[in-house]
Number of protein chains: 4
Amino acid sequence: MKVVLTRKHYFIYLILFVIISPLTAISQTRVRTPVKIPDIPGFLTLKCDFHMHTVFSDGNVWPSIRAEEAWRHGLNAIAITDHIEYLPHKGDILTNHNRSSEIAKAHGVDLNITVIKGSEITRDMPPGHLNAIFLKESSTLETETWRQAVNAAYHQGAFIFWNHPRPLGHQKDSIGRWYAEHSEMMENKWLHGIEVVNQRQYYPEAHRWCLEKNLTMLSNSDIHDPIQMNFNIAGGEHRPITLVFAKNNTEEAIKEALLSQRTAVYWENKVIGKEEYLTPIFNNSIKIENKPIVLKEKNRIYVQISNHSEINYELELNGEINDVHIPEKVTLYGGKTILFDIRKKDMKLRGEKRLRLPYEVKNLLITPDR
Amino acid sequence: MKVVLTRKHYFIYLILFVIISPLTAISQTRVRTPVKIPDIPGFLTLKCDFHMHTVFSDGNVWPSIRAEEAWRHGLNAIAITDHIEYLPHKGDILTNHNRSSEIAKAHGVDLNITVIKGSEITRDMPPGHLNAIFLKESSTLETETWRQAVNAAYHQGAFIFWNHPRPLGHQKDSIGRWYAEHSEMMENKWLHGIEVVNQRQYYPEAHRWCLEKNLTMLSNSDIHDPIQMNFNIAGGEHRPITLVFAKNNTEEAIKEALLSQRTAVYWENKVIGKEEYLTPIFNNSIKIENKPIVLKEKNRIYVQISNHSEINYELELNGEINDVHIPEKVTLYGGKTILFDIRKKDMKLRGEKRLRLPYEVKNLLITPDR
Amino acid sequence: MKVVLTRKHYFIYLILFVIISPLTAISQTRVRTPVKIPDIPGFLTLKCDFHMHTVFSDGNVWPSIRAEEAWRHGLNAIAITDHIEYLPHKGDILTNHNRSSEIAKAHGVDLNITVIKGSEITRDMPPGHLNAIFLKESSTLETETWRQAVNAAYHQGAFIFWNHPRPLGHQKDSIGRWYAEHSEMMENKWLHGIEVVNQRQYYPEAHRWCLEKNLTMLSNSDIHDPIQMNFNIAGGEHRPITLVFAKNNTEEAIKEALLSQRTAVYWENKVIGKEEYLTPIFNNSIKIENKPIVLKEKNRIYVQISNHSEINYELELNGEINDVHIPEKVTLYGGKTILFDIRKKDMKLRGEKRLRLPYEVKNLLITPDR
Amino acid sequence: MKVVLTRKHYFIYLILFVIISPLTAISQTRVRTPVKIPDIPGFLTLKCDFHMHTVFSDGNVWPSIRAEEAWRHGLNAIAITDHIEYLPHKGDILTNHNRSSEIAKAHGVDLNITVIKGSEITRDMPPGHLNAIFLKESSTLETETWRQAVNAAYHQGAFIFWNHPRPLGHQKDSIGRWYAEHSEMMENKWLHGIEVVNQRQYYPEAHRWCLEKNLTMLSNSDIHDPIQMNFNIAGGEHRPITLVFAKNNTEEAIKEALLSQRTAVYWENKVIGKEEYLTPIFNNSIKIENKPIVLKEKNRIYVQISNHSEINYELELNGEINDVHIPEKVTLYGGKTILFDIRKKDMKLRGEKRLRLPYEVKNLLITPDR
């Protein structure tokens, strides 16, 4: 069949009205797998990761790989955040704090991935590790004290967040601590967000601080190796992702959303955030497939619900249902339709009954205690 | 998070205004995987299989399983077509030609699967095996001659089609033959379609006959065992499916579409049918993701194309492209976005050039020779 | 390359010294996936399922499918156990309590699957549902009282076990109850085993009774539908399996092992049984890959352990380790090699230290409380 | 269950008689998937890849990643072969031709992966790109002419092979050419092998030259990116692998085997090499499961064959079989048992018949034309 690409050809015509210059590499077709979480009214749901490393600090990949991984795995934006202070490869690699972002950004332009310049200010607790993103010049963050570094980022208009708020090498079950220095940062408008998830770990205390102090919740990979070494992406796992509810897909819109706390945390099979964002994500994900039918002679009512997102929503009954059998737990699998049935408990019951089904979605978290 | 099921609760309220009677079985949540092929303008694209067997002839499953499999694997409608003449289990099962459709239909109602009553008239070639579907009473097809059986189906308003048009146990590379009996059937309006695909086999001669004689193309599983024994559905394989372009999802609309030749064959990774149906399926599946951009200093242009269907569209260049390097073959993977680049061939070339990219979709077949 | 099948040809020659009679069906290549659990010293580890249904009682497949499923999914033996008392298809299928085993056995012979004749005596609790297997004639179990039925099975030399020892439609968290009738059965040597696992459910009370009363532990699917409808076998899930430690792969050896309590329960990712069987399974599954090395200048010691079984062994530290960091939890993934490291805790420590690593395998259960 | 690690504990005791020094990183359990190809009589079958790049030339990963990938994906040995002449990252990374091997080797020691020091001599055709491995000092290869570079490698006792023997950016269907320079190299004992497979491409001309000129066949990934970006290893794909038949798993034994042409090429689902190595690989992979049985009254004979390797052996009949139906094509799937049947063709035939089944294994290649 010959394709009549019709209107779609329009674009292909356009892009070829250009003067193109020489090139030698051989092209290769590459594949992107979308992250299926719906947009919400008024905003795009951008998939972002604002914490990652390259060979320019203690990471193990060349910076362009970070943009390539982001494209392949369905992200819209990333920040490169190499350490300012910790440069274990400096015997081999010339120190230049801007370089990794520059290299990644050049590749990001080709792929339509937004690459944000960032740096990790890596100091002892307090205040611990901090990421400053949307920087113009990273080298000014190489200072004697952490206050000088943060202040330099602040004067570049950076969005600054606290990383993995527990001390490194922390004991099992240790809890991160809020220090006077963090309060000081907030007073100076030096602190805008906290990582509620870093790598594979969720910090309920960070979640609580974000709610109490109106800070932006973040979920980042902090990846050092090639990402498929840590996350089995080909097998369906995803990295931790910060969902950003942005007015459009640009660096400016992402910054505006981050400064307005319009984010949610997408971690394993959970989404963590404010009810005002989680409710429309859920509502835009599911659809009840049955037409409203009134069954008179039927023993059993079948309900079919489709879920167009990739999240497996885990529903649990939360309350008493007296007159019918319905499943206590239902999982609405991502990309699937599920079916369950509702049946009468008391066989002698006759007549009509109006019921509210009090299901709770266990993997959408508004507070650490749900 | 408490779910505010809002408008969606409306339906759940409604269905409970009913008088329900006793029931003992235990409910179980079941999962349906959609077949992702888009609708086309004016019609739903229904996924159907019109040829299958149960223990009531030579199949190996109870009839309700056929409706359950159809629901789980994303179909909208099936026909049960047990043999009239071949009943190897009759020593154990009482002969009743209507029974398997009845049992399957009862289960189909619960699942919202349309189950059509059919029978396979199983005679030697010519005319070979024929399926009659949309029957009212199958027992009248138990006759002495095939002409009597077909006539009985015809008088019930059946849609009749020729199954796997090669003799059983046929030689490798043998080709089905059109007999005078088939011409006779057409003259009597006894023949409305042919299986272009049966089980795993495609019959180009059947494809050609459908085009020449204006017959409906069908693609059916002819399944005897549990379907996951023959098709690795959990691993992503699908059974042969007849795509029916119907005005709505009802038995009547399916019959009207079949009698109007509004079908296509979905077999392995191919869709076979008329251009008027294949073009909108392709156009509704893909989206070119790039905004129209004019690049002046760029070496290379990147094109991103998304495919929202489950078909992997296999594009091949069909014609000369003189001035740029573009991939000769591109696969638009189902559910993915692909990226490829376009580059200048002649490095000295300057100025503007307008190009048409003559890609052909190799796995959308309009004729046996493409 | 031409295959020199050498010694292997020997067999192929042999089997063709036969007189073969006519046949019409078309051959198909079929694939068996082994269940990888090693044999133990002195015994084969046979993979068995002793509880399943067909269309001849309330199942939904023809009996030959049960042998075919068993072969494909790596089993060695099955018992067909259709209900004596519950025959919902009897309006369509002639009642014959022996027929389903006969049909399945004929297919099993071709596949080298042992098919054991059984029946389910389906009475109210007490004593509940009982399976009798190794029957010669099932029809004698159709009696007025359960005692008559069990006695009839006993006189045929049957192995008799109690199925899913909780009442059907049982309340969540209800516990099965041991009745006087069960003690009576034991006194009469009418009761030889209990299902510790049925379908997806584990019964700790049944496990405890087996240990206390020296009864054989069983793990059975009780499957009614095609098995891939209930267990995602293509995706790596397995049905519940009774591991039988038998002297050889024959019906007689299986019976002898069952009567001698030489079984274990293989359910999800757990194996439940006596230490004398679980220890050699574990030891024959794993191999420590490192050669014994003494490291003097090394910071860290790496340990590599391979697991040749399909079970993911879940190790947890059970005890104090004072001087080194070792992982608290290690999973030895089935078919993989894992690597972890051991490091000093106290950096000032010098000299030699001898340690015992008290790992416990959490998914090998000897008692309900481990 | 408490594990009685018995003899296995021996090793764990031993390794702890050591003086260990400080360390800060957090341990992580890592998983290795074996490459399942059996050893052959007298030799281990080592899985090797002798061509790969890092950030120290034009690759995109830190060198330690190459050892880590090799361990995870079941390899035994790799060579790091960064370019001598092509250093696109030299503005950021200090030039040191030995450095990437050194870094990778340090990580390889921990994992028990042999890391061989190599360099790619990257000159125009002729003679094209050459890899020299088992080097002591790579910097001496930075010379004016290719002859000086090769001679420097030769004097270090290197094993030298010709990479991807077609010019870069070669036309479709172009064929590599043997130049006088290659003959000159052979006369000087400067050339020991050729890549028969590089990345995803097989070169039949290279295969032929290896056979004619007694050169070692190699199959290498030439990987630049993280390997899971180019090969879907989590999905079951493998990189190109050189199988080395070595007396033991040491660098010396690998070198001895390479210099003795004891290798085979493992590429996609094919193994390419000499019959003396392919035959024992096949024979050690498969097992005919049936006991020799003589069937007298049976219609059909069933054959079961297991394949313990990961290669799917593709058998095709090569010759006439007059009297029985047997499948023309049989695939012995890796890790599975397959079953097919043999049936009489002529229904009147009686008596005994002796047959040889002339199957050919299509994916074991001895010559480019099989």
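**Burial and salt bridges**

Tutor: With a relative accessibility of 0%, Arg66(B) counts as buried, where buried means under 20% relative accessible area, exposed over 50%, and partly exposed in between (1.4 Å probe, protein chains only). Please note that this is a predicted model, in which local features need pLDDT of at least 70 and side-chain atom pairs count only at pLDDT 80 or more, while totals for chains, interfaces and linings use all residues. Residues are numbered from 1 along each chain as its sequence is written, chains are lettered from A and ligands numbered from 1 in the order in which they are written, and side-chain values use heavy atoms, with hydrogens and water left out.

Student: With which residue does Arg66(B) form a salt bridge?

Tutor: A salt bridge is a side-chain nitrogen of Lys or Arg within 4 Å of a carboxyl oxygen of Asp or Glu. Both partners lie in helix 2 (residues 63-72) of chain B, three residues apart, about one turn of the helix; helices (H or I, at least four residues) are DSSP runs, as are strands (E, at least two), numbered from the N terminus. The closest N and O atoms are 2.8 Å apart, and the partner of Arg66(B) is Glu69(B).

Student: Is Glu69(B) buried or exposed?

Tutor: The relative accessibility of Glu69(B) is 3%. Since buried means under 20%, Glu69(B) counts as buried.

Student: How many chains does the salt bridge between Arg99(C) and Asp92(B) join?

Tutor: The side chains of Arg99(C) and Asp92(B) meet at 2.8 Å, N to O. Arg99(C) lies in helix 3 (residues 99-111) of chain C, and Asp92(B) lies in the loop between strand 3 (77-80) and helix 3 (99-111) of chain B, so the pair joins two chains.

Student: Is Arg99(C) buried, partly exposed or exposed?

Tutor: Asp92(B), at 8% relative accessibility, counts as buried. Arg99(C) has a relative accessible area of 24% and is therefore partly exposed.

Student: How many residues apart are Glu184(D) and Arg147(D)?

Tutor: Their side chains meet in a salt bridge (2.6 Å, N to O). The pair links distant parts of the chain, with Glu184(D) in helix 5 (residues 180-187) of chain D and Arg147(D) in helix 4 (residues 146-155) of chain D, and the separation is 37 residues.

Student: How many salt bridges does the structure hold over all chains?

Tutor: Some are linked in a network, including those of Arg30(A), Glu68(A) and Arg72(A). Over all chains, the number of salt bridges is 59.
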